Amino acid sequence: MAYMDHLEKYPHSLLVRFLGLHSIQVPNETKKYFIVMQSVFYPDERIDTRYDIKGCEVGRWTDPASTGSPVKILKDNNFEGKHIILGKSQVCPISAST
């Protein structure tokens with residue numbers, strides 16, 4: 001319950017919100033399991049550039065001008081030479097169930 005209590009107390013928490021665990025099976029293939037999670041980008045309008053980081057460099061660059069969307073979603077190699085500057089952080093305690 002500590003997880004749910006935390007998310008209720010801190011609605012803007014960046015902890016992932018698990019929405020479901022599902023499986024799918026195509027005939028004659030192995031069953032595949034997948035997790036559905038809510039996006040941590042809340043609210044959307046405050047973020048105009050996002051990076052889809054996978055930790056790989058092969059095929060991980062996209063032309064920022066070609067997106068046609070007000071929110072640019074860039075990849076690993078687009079982040080090269082960039083820095084993240086973090087301001088003061090708010091500490092949200094997470095209690096562990098004992």
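This note goes through a predicted model of one protein chain, point by point.

1. Basis of the note. Residues are numbered from 1 along each chain as its sequence is written, and side-chain values use heavy atoms, with hydrogens and water left out. Since the model is predicted, local features need pLDDT of at least 70 and side-chain atom pairs count only at pLDDT 80 or more, while totals for chains, interfaces and linings use all residues.

2. Overall layout. Of the 98 residues, 13% count as buried, where buried means under 20% relative accessible area, exposed over 50%, and partly exposed in between, with a 1.4 Å probe and protein chains only. The accessible surface comes to about 8600 Å², and 58% of this belongs to carbon and sulfur atoms; such areas come from the Shrake-Rupley method with a 1.4 Å probe, and for residues only the protein chains shown count as cover. Where contacts join residues at least 6 apart in sequence, 22% of them join residues at least 24 apart, a contact being heavy atoms within 4.5 Å.

3. In α1, the buried residues are Ala2, His6 and Leu7. They cover an arc of only 135° around the axis, which puts them on the same side of α1; the arc is that of the directions from the helix axis to the C-beta atoms. As background, an α-helix has 3.6 residues a turn, so residues three or four places apart point the same way. The buried residues of α1 pack against β1.

4. The aromatic pair. A search of the whole structure finds one aromatic pair, and this pair, formed by Tyr3 and Phe18, is tilted, with 6.3 Å centre to centre and 45° between the planes. It links distant parts of the chain, as Tyr3 is in helix α1 and Phe18 in strand β1, 15 residues apart. The rule applied here pairs rings of Phe, Tyr and Trp (its six-membered ring) if their centres lie within 6.5 Å, and planes under 30 degrees apart count as stacked, over 60 as edge-to-face and the rest as tilted. Both partners are partly exposed, Tyr3 with a relative accessible area of 32% and Phe18 with 47%.

5. The nonpolar surface patch. Tyr3 and Phe18 also belong to a nonpolar patch on the surface, together with Met1, Met4, Leu21, Tyr33, Ile35 and Met37, and the accessible area of the patch is about 930 Å². The elements that give two or more residues to this patch are α1 (2-9), β1 (17-24) and β2 (32-38), and the largest share, three residues, comes from β2. Patches are made of residues with over 30% relative accessible area and no salt bridge, with like charges joined within 9 Å and nonpolar side chains (Val, Leu, Ile, Met, Phe, Trp, Tyr) within 5 Å. Ile35 lies in strand β2 and is partly exposed, with a relative accessible area of 47%.

6. The salt bridge. The count comes to one salt bridge, in which the side chains of Asp76 and Arg60 meet at 2.8 Å, N to O. Asp76 lies in the segment after β4 (72-75) and Arg60 in the loop between β3 (49-52) and β4, so the pair ties together parts that are 16 residues apart in sequence. A salt bridge is taken as a side-chain nitrogen of Lys or Arg within 4 Å of a carboxyl oxygen of Asp or Glu. Asp76 is buried at 13% relative accessibility, and Arg60 is buried at 11%.

7. Asn78. This residue also lies in the segment after β4 and is buried, at 10% relative accessibility. Leaving aside neighbours within four places in sequence, Asn78 is in contact with Tyr51, Arg60, Trp61, Thr62 and Pro64. The C-alpha atoms of Asn78 and Asp63, which are 15 residues apart along the chain, are separated by 8.5 Å.

8. A backbone point to check by eye. Asn28 lies in the loop between β1 and β2 and is exposed, with a relative accessible area of 83%. Its phi is positive, about 65°, although Asn28 is not a glycine. Most residues other than glycine have a negative phi.

Key:
Helices (H or I, at least four residues) and strands (E, at least two) are DSSP runs, numbered from the N terminus.
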